[in-house]
Amino acid sequence: MAGRIAVIEDDSPTRDYVVRALEGAGFTVDAVAQGAEGVALVEREHPDLVLLDLMMPGVTGYQVCERIRKGPASHTQIVVMSVLEGVEEKVKALELGADDYLVKPVATAELLARVRSMIGRGERLRQEGARTNGRLVALAGAKGGIGTSTVAVNLAAAHGMKKAHSVVLADLAVPVGTLGIMLGLPIPEKWVWREFVMDGAASVHRLSSYLMRSPNAPLRLLPGVRQGSPYRDVQPEAVSAFATALRGLADFVVVELGNQPSPFVPPVLRQADAILVVVEPEVVSVELSAHLIDRLHKGGILPDRIRLVISNPHGSLQLSRSEVITALKTEVVAAIPYQRDEFSAASKRRVPLVVQQPQSTAASQFEELSRAMAQV
Ligand SMILES: Nc1ncnc2c1ncn2[C@@H]1O[C@H](COP(=O)(O)OP(=O)(O)OP(=O)(O)O)[C@@H](O)[C@H]1O
Ligand SMILES: [Mg+2]
């Protein structure tokens with residue numbers, strides 16, 4: 001079993017010994033000597049497990065535990081390794097969120113056995129817990145150029161800005177994904193997770209290795225399909241397993257499905273807690289959305305999982321909010337106003353509007369959307 005481990009230990013001989021033992025057993029290891037650095041490392045890398053010393057100068061192991069549990073990497077397994085062998089210390093560490101406690105010195109064989117067992121447990125919990133803890137929100141538009149990608153990026157970013165959540169944004173738009181470009185990420189030339197949906201050997205762990213951390217927004221991106229990629233060839237069972245794995249990637253997973261049919265759409269819609277249909281307040285978009293919503297209903301999607309987001313990238317004054325609601329008989333959860341200069345400036349800098357201009361009216365609508373989606 002491979003896995004990524006963060007070692008937080010101030011004593012350098014112990015740190016070197018642990019790193020050598022873990023690397024020797026095939027784990028990928030990052031090691032730091034200070035608590036604050038450790039928390040930053042864990043929040044950045046989302047390792048499978050943290051091996052944590054308690055007594056450290058500055059931020060102690062107890063505080064590290066507490067901060068990890070309150071932060072975006074709260075699902076990480078934490079194993080404390082300390083010379084403190086009193087019941088009181090053990091209880092305190094466990095109460096603050098440690099999953100296991102080892103008393104130093106620890107024999108290599110026991111260290112490896114515990115680490116393997118805790119990583120296995122973490123993986124099982126993530127997969128089981130995905131359904132109850134993680135939220136999967138899918139976005140689709142019935143037409144191109146109506147701001148679907150903008151809504152996806154800003155919803156994910158707004159959610160990520162609330163520190164308590166880990167957020168993944170998955171770009172499943174075809175024939176080509178644009179979210180990487182929008183977030184200023186060096187997008188891979190190939191469709192990197194292709195083999196994942198081809199061989200069907202799905203696991204959350206494997207899928208998460210394709211995620212890219214955005215420098216411009218508090219989220220991780222599953223980069224999109226590339227131009228010309230043979231996305232139609234994938235097997236339905238493999239795509240179903242893929243959709244299940246998507247759920248386990250984070251507390252909150254936003255999936256952009258774009259506006260074209262693809263093999264990804266049906267399984268993701270089946271798994272989604274909420275489906276946001278992005279609609280522009282003008283007659284063509286509304287009419288196409290009516291057809292889309294009708295197809296969803298016929299496909300067995302219950303109406304209460306579908307919501308509307310009104311997006312107005314062209315400043316249309318054709319239809320009011322209530323006219324859109326009447327035409328589509330679906331609840332509107334947010335209406336993003338036309339803000340040409342604000343969106344243009346954010347887009348040019350490749351930063352989501354909610355990050356670049358958190359005080360804007362549009363940002364407050366994305367906030368509202370994020371709040372509504374936390375409850376679905
Ligand atoms: N509310 C808004 N006000 C002003 N401009 C906006 C608004 N929403 C989006 N835009 C701008 O409109 C353009 C199209 O947005 P976006 O790429 O999100 O649409 P899309 O539906 O995903 O398009 P595509 O079909 O090409 O994937 C972008 O330049 C974006 O910055
Ligand atoms: Mg788009």
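Predicted model: local features only at pLDDT ≥ 70, side-chain atom pairs only at ≥ 80, totals over all residues.
Local features need pLDDT of at least 70 and side-chain atom pairs count only at pLDDT 80 or more, while totals for chains, interfaces and linings use all residues. Residues are numbered from 1 along each chain as its sequence is written, chains are lettered from A and ligands numbered from 1 in the order in which they are written, and side-chain values use heavy atoms, with hydrogens and water left out.

Helices (H or I, at least four residues) and strands (E, at least two) are DSSP runs, numbered from the N terminus, and two strands pair if DSSP finds at least two bridges between them. An open sheet of 8 strands runs in the order 8-9-7-10-6-11-12-13, with mixed pairing. Its edges are strand 8 (212–213) and strand 13 (332–336), each of which pairs on one side only. As a reminder, strands of a sheet pair through backbone hydrogen bonds, either parallel or antiparallel.

Strand 7 (residues 167–171) has 5 of its 5 residues buried; here, buried means under 20% relative accessible area, exposed over 50%, and partly exposed in between (1.4 Å probe, protein chains only). In a regular strand the side chains alternate between the two faces of the sheet. Both faces of strand 7 are covered, with Val-167, Leu-169 and Asp-171 buried on one side and Val-168 and Ala-170 buried on the other. Strand 7 runs parallel to strand 10 (residues 252–256), joined by 5 bridges, and parallel to strand 9 (residues 220–222), joined by 3 bridges. Val-168 shows up in both pairings: it stands opposite Val-253 in strand 10, and its bridge partner in strand 9 is Arg-220. Leu-169, for its part, has Val-254 as its bridge partner in strand 10.

Strand 12 pairs with strand 11 (residues 274–279) in the parallel sense over 5 bridges, and Leu-308 of strand 12 stands opposite Val-277.

Next comes the ligand. Ligand 1 is surrounded by 16 residues, the closest being Gly-145, Gly-147, Ser-149, Thr-150 and Pro-337; a residue counts as near if one of its heavy atoms lies within 4 Å. This shell has 6 nonpolar, 9 polar and 1 charged residues. In that tally, Ala, Val, Leu, Ile, Met, Phe, Trp, Tyr, Cys and Pro count as nonpolar, Asp, Glu, Lys and Arg as charged, and the others, Gly among them, as polar. Helix 6 (148–160) and helix 14 each supply at least two shell residues, and the largest share, 3 residues, comes from helix 6.

Some polar contacts (pairs of N or O atoms within 3.5 Å) can be picked out. A polar side-chain atom of Thr-150 sits 2.4 Å from an oxygen atom of ligand 1, and a polar backbone atom of Gly-147 is 2.9 Å from an oxygen atom of the ligand. A nitrogen atom of ligand 1 lies 3.1 Å from a polar backbone atom of Gln-339. The protein covers 71% of the 640 Å² of accessible area that ligand 1 has on its own (Shrake-Rupley method, 1.4 Å probe).

Gln-339 lies in the loop between strand 13 and helix 14 and is buried, at 13% relative accessible area. Leaving aside neighbours within four places in sequence, Gln-339 is in contact (heavy atoms within 4.5 Å) with Ser-360, Thr-361 and Ala-362. Helix 14 (residues 340–349) has 1 of its 10 residues buried, so this helix lies largely in the open.

Most residues other than glycine have a negative phi, and most peptide bonds are trans. The bond from Lys-104 to Pro-105 is cis, with omega near -5°, and another cis bond joins Val-174 and Pro-175, with omega about 5°. His-46 has a positive phi near 45° and is buried, at 12% relative accessible area. Lys-329 has a positive phi of about 50°, but counts as exposed at 72% relative accessibility.

Technical notes. Polar contact = N/O pair within 3.5 Å; in protein donor to acceptor, adjacent residues only side chain to side chain.
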